[in-house]
Amino acid sequence: MNKSIYIVLVAIAATFSGCKKWEGEHTDIYSYTPPAANPVSDKAPLTCSGGSTVVPVKGTMLSGKTYSVADGCDLVINANDTLLMQPGVTLNMGAGSSLIALGTLVSNGSKDQPNFITVAGVIENDMPGGVAPATDPAFAGKWKGIIGGPTCNLMVLRWTHVAYAGLTEGKATSTIAGSGIGNQYSILFANYKGNFVMEDSWLYGGVDDPIRISAGKIAIFRNTFEKNGVSGGDCINVKGGTVGTMAYNFFIGTATNGQKASNKGQATGAPQTNIVMYNNTFVSGGYRQVQSGRGGCINYEEGAAGMYYNNVAVNCKYGFRVVGSPVADVAHLSYGNNFQYADSLSVANQFYPTGYITQPQVTDIPSIKTSAKYLPANYTLGAIYDGSDVVQKNNPMFLNFPLPTSGHPLAQYSAVGTYNFRLQASSPLIGKGKTNIQPLIVVPLDKIYGLSEATAAGSDLGCYQLNGTGNQH
Amino acid sequence: MKLHLLIPGKICLTFIFLITLLKTTNAQTIKGKVYDSTSGEPLTGASVQAEQGSFKQYTSVNLDGSYTFRNLKPGKYELKARFIGYKTTEGQEVELKENATLVVNLKMQNASTSLNEVKIKGQTSKESDGSARGIEKNASSIENVLSANTIQLLPDVTVANALQRVSGVTVQRSSSGEGRYAIIRGMDQRYNSTLVNGIKIPSPDPAFRFVPMDVFPSEMLERLEVIKALTPSMEGDAIGGVMNLVMKSAPDRFILSANVSGGFSSLFSSSRPFSAFSASPNKNSPAAMNGNSYAATYSDFNNKALTSDRNLSNPFSSTAGLTIGDRFFKNKLGVIVSASYQNIYRGSNSKELTPNAQPSAIPLPNSPQFSDAYDRTYSTQTERLGIHNKIDYVINDKNRLSLYNLYINQNEFESRLTSDTLGLGLNSTGLSKQITIFNRSTLTKQTIYNSTLHGEHVLSNNLRFNWNSVYSNATRHMPDRTEFSYDANKALNSSGVVTTEIDNNTNLTHHWENNKDQDFAGYGNFVYTPKIANRDVEFSLGGLYRHKNRDADYITYSLTGGKSTLFNGNFSNLPFGFNSTADGIGANNPDLQNNYTVKENDNSEYLQLKFDVVPKLQVIGGVRVENTYMTYATESPLTVTQRSGTISYTDVLPSIHLKYMLTDNQNLRASYFASISRPGFGEIVPYKVSGEYYDQEGNPLLKHITADNYDVRYELFPGGADQILLGSFFKKIHNPIEYFVVRDGGPSSQVIKPQNDEGDATNYGLEALVTKFFGVVGFSVNYTYTHSRITTNKLLYYNDPTLGLQQSFVNETRPLQGQANNVGNASVLFKSAKIGLDMQVAFVFTGERLAQVSPYYNLDFYQHAFNQLDFSFEKTLAKRVSFYGKINNLTNTANKIYLKFPHGSLDAKQQEFLGKQDIAAQTLVQSDYYKTLFLGGFRYKF
């Protein structure tokens with residue numbers, strides 16, 4: 001009985017759905033997609049000649065195509081011109097070449113079809129200690145990088161891999177770009193009226209500061225940074241006249257800091273540097289810096305204002321750092337809910353780096369009241385303290401990155417490789433975030449010509465959220 | 001005791017008695033003064049001969065120029081005066097009557113001829129008009145002169161240091177305290193030019209036109225002239241003044257003089273040794289040897305300049321000079337050869353705070369922020385060799401030729417040891433100190449060569465022509481400057497004791513610089529001297545053409561000693577190499593952009609008129625046209641805007657000089673002249689060099705500077721070498737070149753760039769000079785007050801209550817760089833021919849002056865008032881031999897630089913590095929100590 005009713009019901013349902021389909025409406029209306037007005041040719045390498053290094057370029061690079069720039073040439077987007085890279089474009093840069101954006105550069109990759117701006121034929125070796133920095137191609141500076149000139153009004157890197165850049169610009173390139181002859185940046189942006197957007201992208205390798213923002217309106221969301229800087233350099237180093245947000249970024253093995261804000265060199269007419277940083281994760285930062293006392297995760301100095309919350313630093317050589325001389329704009333700098341983990345005492349002893357003025361916050365993890373030795377009652381800013389009671393405490397419980405580490409010095413954990421830094425459900429990072437942090441959005445919000453998504457502050461510390469939001473890599 | 005006193009007393013009395021006795025019995029006296037015919041300067045030390053048949057008597061000329069023959073028999077005498085470098089006067093017959101005192105003034109003609117001003121002296125200067133005329137008096141424009149005799153007794157061995165004795169002149173010192181550049185009336189070196197015998201010489205300086213004045217040994221000079229107002233016949237590119245080095249010229253008879261001396265600096269001891277090194281064998285860079293495409297490796301370099309470092313606890317300085325001259329073929333051919341060698345060891349101990357590229361807006365707007373605290377010792381060995389030679393040939397009484405050759409070679413070995421508290425504040429803490437140690441060895445070789453063929457022709461009774469054909473060459477080489485640096489990371493315990501030290505970040509730099517500047521020039525002048533309305537009128541018409549070639553090249557190789565290799569004190573163990581192989585290729589060298597060549601063709605023409613409007617009022621006026629045509633090229637790539645260029649300009653420069661002779665010994669002068677100053681080559685070429693505090697880059701759009709100059713001066717020549725000069729000047733400077741900060745592709749690389757300031761600069765002042773002799777003692781004092789002002793845009797970094805930190809431009813009015821409000825010299829001279837002793841105490845005062853302009857408001861660097869006391873003497877030992885000594889900087893005066901910011905207001909972190917402070921309202925940022933330099937030796941004169 002029951003069974004027959006069931007069968008009848010199924011039959012009726014099937015009939016109904018069949019009828020639905022049968023009575024459905026079909027349209028096939030002609031739609032015209034205009035061809036790209038100026039598709040860039042992929043037939044031959046983009047080549048410079050006649051003693052000039054310049055290859056002017058504008059228009060569109062088409063999905064699925066591979067373009068290449070000849071050795072030593074500067075691919076230049078002139079002021080008022082635009083280069084749009086559709087999803088799935090590979091741009092192979094020749095040895096010693098550069099991409100100079102004096103106009104607009106949009107690399108519009110997608111999750112399914114990321115773009116690549118890189119060099120051809122280099123094999124990554126991301127095993128810890130697999131290759132010494134001196135011979136690692138990541139630090140070799142195969143090409144010069146993406147150089148935003150003073151007239152670059154918009155640079156967007158979306159779902160784009162940028163790798164192996166950082167060769168010294170030299171006279172010819174730096175003169176064309178209006179940059180600096182000795183620059184060794186993978187990405188430079190230098191227009192305080194312009195917009196720099198980097199979202200869901202990857203930056204691999206580099207020589208000096210992998211990203212230098214001399215000035216600009218910025219939004220840097222949900223990116224992954226590996227092996228950045230050979231023997232110095234702050235991964236994202238912003239200077240006077242930079243305003244915006246850095247959130248949900250993941251850093252591993254940066255030479256010095258991951259994110260640094262300074263108001264040094266603020267131009268007349270430019271605003272004061274003001275950067276909001278939240279939900280970023282830093283692993284093994286600060287070990288390739290040759291000079292001592294330089295930082296390993298977040299750094300505010302020399303007149304920079306802003307805030308940093310919900311960040312995670314694991315085994316970084318130095319903790320979150322606020323500099324007292326030249327002093328950051330401490331009156332306009334707030335921070336809290338930041339997490340640190342140390343394998344070793346020397347790391348724990350620098351959670352609040354000696355000699356600087358980072359103010360321990362009650363929301364910090366580990367708790368600033370962990371023990372009588374750790375930040376004692378008479379602790380003054382920058383003083384030496386005994387961090388032994390917080391060593392190996394609060395294991396962040398990454399999905400696949402066993403802590404404490406074993407087998408390699410901390411400096412050798414410089415790339416993601418086969419590790420997975422997403423959180424296990426038991427992670428102490430979960431639910432500790434301050435969620436009412438407002439991102440400082442000064443760039444246009446746009447699916448292509450701006451920031452496509454400004455992810456709000458998350459409830460879990462670091463860049464990966466248990467609910468799947470945040471960093472998508 | 002009493003006995004001892006009595007005996008000399010008796011002798012003294014007897015002596016006085018005898019003199020009195022002689023005087024009463026033989027009262028006939030011939031006395032007078034001996035002067036230079038052109039300068040009117042008293043010729044102390046000249047000998048005068050009184051001849052009557054077979055009777056000959058000699059006497060020498062005193063400090064004030066006077067000579068006296070006492071107790072002569074009445075009768076006819078023939079008087080002759082002789083002096084080195086002068087033509088012996090033709091015998092002058094005088095008759096001495098009984099009981100008479102006859103006054104005979106003798107004028108001697110200098111054997112050299114000054115070429116800068118077309119002078120028609122004729123053979124008429126034999127007249128002894130009896131009044132002493134300073135060169136300042138006879139000169140056609142306003143100038144000051146130091147004679148060879150004055151220079152010889154000065155405590156100085158270089159022209160640069162001698163210049164500071166001239167009224168209105170201050171010197172800018174090198175890092176070892178040696179005077180180098182002259183600032184004339186508050187106008188720094190760019191505004192001044194250097195002539196040798198009236199001929200402009202090129203500069204070995206890699207960027208500028210001005211000549212380092214320390215390369216010239218002062219003893220080669222016959223006369224040093226500082227000309228402060230230009231006549232049309234002079235080149236128009238000086239606004240502050242012209243330094244004319246008149247070199248010794250052929251004498252009228254055989255002369256020989258030699259000197260040798262030795263000494264030391266009290267700076268050096270076993271605890272502060274002199275650091276000496278031997279030059280690198282690599283005179284040229286790997287790229288120069290093997291081509292720009294060659295990839296150099298570490299094996300291409302030689303570190304001898306560092307590895308040969310050795311300590312000398314008290315190095316011995318020495319100098320030697322030799323002059324030989326004679327005249328041949330019935331005095332038609334005169335030859336002089338003079339050589340001077342100096343090997344001087346000097347140095348300094350220096351402390352310096354360097355400012356960050358940007359100050360701090362907290363606590364006060366533009367609070368100074370320092371990035372480095374340098375502690376440096378300099379050890380400088382300077383070898384100078386100067387040789388010059390002049391040959392003159394008198395073809396006949398209407399035609400003369402002369403050939404002049406000058407060769408100067410200076411090798412300077414400078415060893416600089418530095419420790420730097422790097423990243424001051426930012427990176428060092430109470431418990432960890434990061435110090436960078438630098439050790440740099442620099443050899444700088446400079447040469448100047450000048451060869452001038454000069455002709456003078458009398459074309460007719462009142463038409464003369466003279467010409468110069470000139471080749472000059474100045475070079476500067478800095479072969480393989482080698483520098484090694486490393487970071488010493490020290491961990492300290494709570495009581496400040498170093499517990500561990502890790503030395504890493506080793507860097508090695510090899511650097512080459514070459515600069516060559518070569519001139520071919522021709523000068524021609526016609527002088528026409530008609531009589532118009534029964535007055536002597538002098539027309540001069542002439543011009544010059546100069547073709548200049550200049551090349552400069554630079555290359556720097558930076559090697560690192562392995563990022564992970566620690567330095568354990570053994571330099572040779574470090575695995576030095578390039579970061580990437582490509583860095584070793586010459587064509588990739590970032591210095592390549594600085595290489596440049598300049599060709600400049602200048603020509604100028606003038607018309608000058610000189611006449612007396614009324615008998616006492618002399619007018620010199622006219623106009624000069626200067627045409628400059630310059631092209632430059634760099635090795636920058638094709639895509640570099642401004643990589644080459646051509647710049648030409650024409651200036652019309654009128655001038656007028658009035659001289660009113662109030663009385664025989666008083667003049668009143670007034671003058672106006674227009675002049676220019678050409679930018680330095682390195683300022684024009686888009687070139688980038690490291691500066692003291694900021695890197696500098698060139699600006700091809702720079703315009704040349706022009707100026708209107710006004711002068712008045714009162715002159716009194718009471719007699720002898722005594723004089724009183726009172727003057728005043730006013731200058732309006734258009735398109736002054738000032739340095740402004742510009743951003744150069746990043747916040748950390750702000751550079752300063754020369755730009756023409758939109759506003760004019762003004763400079764005015766007063767000059768006073770008094771010289772007075774009382775017998776064997778003389779006093780000379782000069783004082784200059786200068787006031788210059790310029791208004792430029794400066795950066796102000798401040799904290800706005802609503803906008804946060806902001807930067808804006810504000811105007812700041814300040815003096816010109818280098819200018820001191822108050823400058824003075826005082827010297828006391830003792831000169832006794834009787835006991836054969838000359839002594840001089842010389843004091844130089846330079847008031848506070850602007851040493852370096854900052855791009856930031858109120859952060860200019862001021863050099864504190866500087867006093868220097870020097871002493872020198874010369875004592876005759878035998879007839880032709882004397883002993884002399886020179887002592888420099890008796891009081892160990894320091895060079896101190898301050899910021900006008902109260903040091904107490906700096907943030908606490910910065911306070912730790914300040915060191916000892918002595919002025920509450922200022923911050924001492926640099927001090928250099930040189931200690932005292934001693935030199936003593938012997939002079940032989942034939």
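Predicted model: local features only at pLDDT ≥ 70, side-chain atom pairs only at ≥ 80, totals over all residues.
Of helix α2 (residues 170-177) of chain A, how many residues are buried?

1. Eight of the eight residues of α2 in chain A are buried, so the helix counts as mostly covered, taking buried to mean 20 or more other C-beta atoms within 10 Å of a residue's own. The run goes from A:Gly170 and A:Lys171 through A:Ala172, A:Thr173, A:Ser174 and A:Thr175 to A:Ile176 and A:Ala177.

2. What sits over it? Just past the helix, have a look at A:Gly178, which has a positive phi of about 65°.

3. Now for A:Ile100. Leaving aside residues up to four places away in sequence, A:Ile100 touches A:Asp74, A:Leu75, A:Val76 and A:Ile77, along with A:Ile147 and A:Gly149. Its contacts also include A:Ile176 and A:Ala177, both of them buried residues of α2(A).

4. A:Ile100 turns up again in the largest nonpolar core, a set of 154 residues. Together with A:Ala101 and A:Met155, A:Ile100 is among the residues with the most contacts inside that core. Strand β13 (residues 187-199) of chain A supplies the largest share, eight residues. Another core, of 64 residues, lies apart from it and includes B:Leu146, B:Val211, B:Met213 and B:Ala521. As background, nonpolar side chains tend to be buried together in soluble globular proteins.

5. Over to chain B as a whole. Its secondary structure amounts to eight helices and 50 strands, and its C-alpha trace spans about 100 × 75 × 60 Å along the principal axes. The radius of gyration of chain B is 30 Å, which agrees with the value near 30 Å for a compact globule because the chain has 942 residues. Of those residues, 49% count as buried. Take the contacts in chain B between residues at least 6 apart in sequence: 70% of them join residues at least 24 apart.

6. Finally, where the chains meet: 48 residues of chain B are in contact with 48 residues of chain A. On the chain B side, the elements giving two or more residues are β24 (432-460), β25 (463-492), β26 (498-528), β41 (804-814) and α8 (908-911). The most comes from β41(B), with six residues. By class, this side of chain B has 29 polar, 13 nonpolar and six charged residues.

Notes
Residues numbered from 1 in each chain as written. Chains lettered and ligands numbered in written order. Helix = DSSP H or I, 4+ residues; strand = E, 2+ residues; numbered from the N terminus. Rg over C-alpha atoms; globule rule 2.2 N^0.38 Å. Buried ≥ 20, exposed ≤ 12 C-beta atoms within 10 Å, placed from the backbone. Contact = placed C-beta atoms within 7 Å. Nonpolar A, V, L, I, M, F, W, Y, C, P; charged D, E, K, R; others polar. Core = buried A, V, L, I, M, F, W, Y, C linked by C-beta atoms within 7 Å.
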